[in-house]
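Please open the model in your viewer and keep a selection panel at hand. The stops below are meant to be followed in order, each with something to select and something to look for.

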Amino acid sequence: MRKYPLKILGFLIAIGLFFGAYVPLLQAVVYLDIDSPSIKKIPVIIPNFKNRDSAEAGLGEAAAALLGHDLDYTGYFRILDPRGYIGAPDDLGPIDYKAWSLTGAEFLVKGQYNLEGSRLLLTLRLFDLQKGRQLLAKEYDTVPKDYKKAVHRFADEILFLLTGEHGLFQTKIAFISTNNGKKEIYSADFDGTNFQRLTQFNSITLTPRWSPRGNEIAFTSYKDGAPNVYLLQIPGLQTTRISSRPGVNITPAWYPDGESLAVALNNKGTSEILQLNRSGTVVQKLTQSWGIDVSPSWSPDGRQMAFVSNRSGSPQIYILNTASREVRRLTFQGNYNVNPAWSPKGNLIAFAGRAGGQFQIFTISPSGGEPQRLTNGGNNESPDFSPDGRMILFSSNRHGKSAIYIMNSNGSNQRRLTFTAGEQFSPTWCPKKFDE
Amino acid sequence: MKAKNTFWIFIFIFLTSSLFILSCSKKTIKGEGEGTKPPTTTEDEAAARKKVQIKESDSGLKEKTLSEEEARRLREEEQRMRAASEKARFESEDVYFEFDQYILSDTAKQVLDKKAKWLKDFPNAKAQVEGHCDERGSAEYNLALGQKRADAVMQYLVSLGINANRLSTISYGKEKPLDPGHTEDAWSKNRRAHMVLK
């Protein structure tokens with residue numbers, strides 16, 4: 001696959017030498033500090049990929065558009081119109097860096113492809129226009145229908161080279177949708193495309209939570225009459241019931257190793273969060289109260305668990321230390337804070353809190369302090385972090401019906417992902433890449 | 001002794017065979033197409049009369065059964081209607097709650113006092129308490145809150161002497177609002193415990 005590995009290696013070594021031997025290699029190539037509070041978006045220009053012959057002419061246009069779509073999705077790039085270039089944008093000759101710079105772009109992606117029988121050979125190159133050099137070149141040997149995979153992979157390469165972080169272009173999400181009138185579980189690609197229904201229980205199905213290994217979704221459903229907790233195999237879609245204790249069995253949350261889950265039970269006035277193994281047997285009791293304890297979310301190391309409790313009179317977020325059994329209150333602002341989601345990086349907890357009569361997404365440090373408000377307008381609920389902790393999925397009714405939205409974890413770049421019939425709620429991000 | 005026995009055997013054979021011949025000849029006649037004619041012999045007339053009599057008494061029986069059935073049907077209809085109205089009387093009135101609360105108000109207790117009396121009047125009835133919430137807040141928290149509301153109702157009914165075995169609970173959280181509106185008026189209708197007979 002790699003046709004120019006030596007060039008890249010040479011480039012990395014050159015950069016490394018430039019910054020001095022004490023600087024780690026990867027840090028040296030980071031162009032964009034995505035942790036800085038205000039990010040200036042990188043302008044990139046992507047002319048249509050050029051075919052060496054005339055077959056599958058539309059593919060070059062679609063693939064170039066998809067790459068732009070992927071980079072735009074990250075929130076770190078601004079995609080410029082290639083018609084701003086004075087020459088022929090898809091010309092395969094040598095790169096005129098100066099002419100391309102006049103478009104305002106800092107980076108250029110050029111692609112060419114040809115079809116050999118059923119094979120698609122796609123070569124993609126990234127150029128730094130300011131420095132006048134090629135940064136990255138990859139040749140993908142695939143079939144025409146899989147061109148998207150190659151483009152997603154190249155987008156990931158670009159992102160990793162420029163930010164030091166991998167992208168989400170090969171991940172999936174799941175959520176509840178009422179497409180057929182009932183609340184069922186659906187899945188989609190990271191960008192909301194490839195929408196698929198996973199269940200048809202014709203009941204009320206809620207809170208899907210994708211397992212750390214990506215091969216199961218835990219959820220609550222009334223499909224057998226009462227709210228019980230089930231596991232759904234991915235991709236087989238077989239369903240196993242793991243908790244049907246009296247009262248409500250709700251809000252499953254995977255332990256980081258994927259071998260157990262925290263589940264909230266409420267019955268006869270008592271509320272508890274239990275840790276159950278994958279067959280539903282109790283591992284340990286985590287919390288117990290006469291009020292309401294629900295919505296657990298584990299810290300990435302599994303030593304702490306955030307959850308919602310009304311033990312102080314209104315729903316607030318608490319943190320349990322599983323070793324010492326100490327519980328401390330995390331949120332003190334507002335009288336209704338729910339849906340905690342612990343970032344996979346460990347440094348943030350996102351939650352939905354009521355502010356001015358509507359729900360908004362906030363983030364707060366697990367050690368406490370001032371919450372940062374990320375959303376405005378409509379009700380914004382059910383946050384869930386991307387596997388890299390860089391983005392937050394959530395549901396919002398800011399445009400009328402509830403749909404799935406996405407934003408960067410600092411609240412920038414808020415965008416709608418689902419445009420389908422019915423309403424969508426309760427998104428969950430699959431922590432695993434699907435190509436693996 | 002032997003000759004006497006032989007004589008009686010002959011007589012027996014004669015009689016049985018003549019009977020056989022008679023019945024055969026009658027069949028033959030019927031088979032020739034006269035069987036469809038109304039019987040003309042006195043014997044046949046008597047048989048026909050007998051049949052008619054049986055028919056008449058049959059229809060009499062039937063009429064009697066029909067009127068009994070009708071009465072039973074009316075009785076059952078009345079019982080059903082009474083049961084339906086009793087069911088409606090029991091199920092119609094809901095118990096309402098404040099936002100994010102599961103404490104029973106005095107009004108709620110008065111409604112439940114009536115329901116407890118009803119359950120004592122119909123000692124075989126079993127009921128399920130449904131806990132419901134308004135649309136505000138997380139679906140998850142509201143599922144637990146709905147359960148709390150149903151539990152509060154059940155505990156109160158048990159405290160009034162209703163056997164816990166006759167009661168069950170289920171929470172629907174905010175999943176089955178009675179009023180789909182988004183106003184304070186709709187919300188107040190949706191924060192409820194509803195009882196259904198099982």
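Select G75(A), which comes just after helix α3 of chain A and takes a positive phi of about 85°; helices here are DSSP runs of H or I with at least four residues, strands are runs of E with at least two, and both are numbered from the N terminus. What you are viewing is a predicted model, in which local features need pLDDT of at least 70 and side-chain atom pairs count only at pLDDT 80 or more, while totals for chains, interfaces and linings use all residues. Residues are numbered from 1 along each chain as its sequence is written, and chains are lettered from A and ligands numbered from 1 in the order in which they are written.

Step back into α3(A), residues 57-74, where the buried residues include G60(A), A63(A), L67(A), L71(A) and T74(A). A residue is called buried if 20 or more other C-beta atoms lie within 10 Å of its own, exposed if 12 or fewer, and partly exposed in between, with C-beta atoms placed from the backbone. Among the elements that cover these buried residues are β1 (42-45), β3 (77-80) and α5 (147-163) of chain A.

Next, select V44(A), which is in contact with L71(A), F77(A), I79(A), L80(A), A105(A), F107(A) and V109(A), leaving aside its neighbours within four places in sequence; contact requires C-beta atoms, placed from the backbone, within 7 Å of each other. V44(A) is also one of the residues with the most contacts inside the largest nonpolar core, which has 135 residues, and L67(A), A144(B) and V153(B) are others on that list. Such a core is a set of buried Ala, Val, Leu, Ile, Met, Phe, Trp, Tyr and Cys residues joined through C-beta atoms within 7 Å.

P235(A) sits between β12 (228-233) and β13 (239-243), and the peptide bond that joins I234(A) to P235(A) is cis, with omega near 10°. K268(A), in the loop between β15 (260-267) and β16 (270-277), has a positive phi of about 50° although it is not a glycine, and it counts as exposed because it has 12 C-beta neighbours inside 10 Å. R325(A), likewise not a glycine, has a positive phi near 70°; it lies between β20 (316-321) and β21 (327-329) and is exposed, with 9 other C-beta atoms within 10 Å.

Now move to chain B and select A150(B), which lies in helix α4. Is A150(B) buried or exposed? A150(B) is buried, with 30 other C-beta atoms within 10 Å, and the residues it touches include V129(B), T169(B), S171(B) and A193(B).

Then display α3(B), residues 106-121, beside α4(B): K109(B), L112(B), K115(B) and A116(B) in the former meet V153(B), Y156(B) and L157(B) in the latter.

Finally, colour the boundary between the chains, where 27 residues of chain A are in contact with 16 residues of chain B. On the side of chain A that touches chain B, β10 (205-210), β14 (248-254) and β18 (293-298) are among the strands that each supply at least two residues.

Notes. Contact = placed C-beta atoms within 7 Å.
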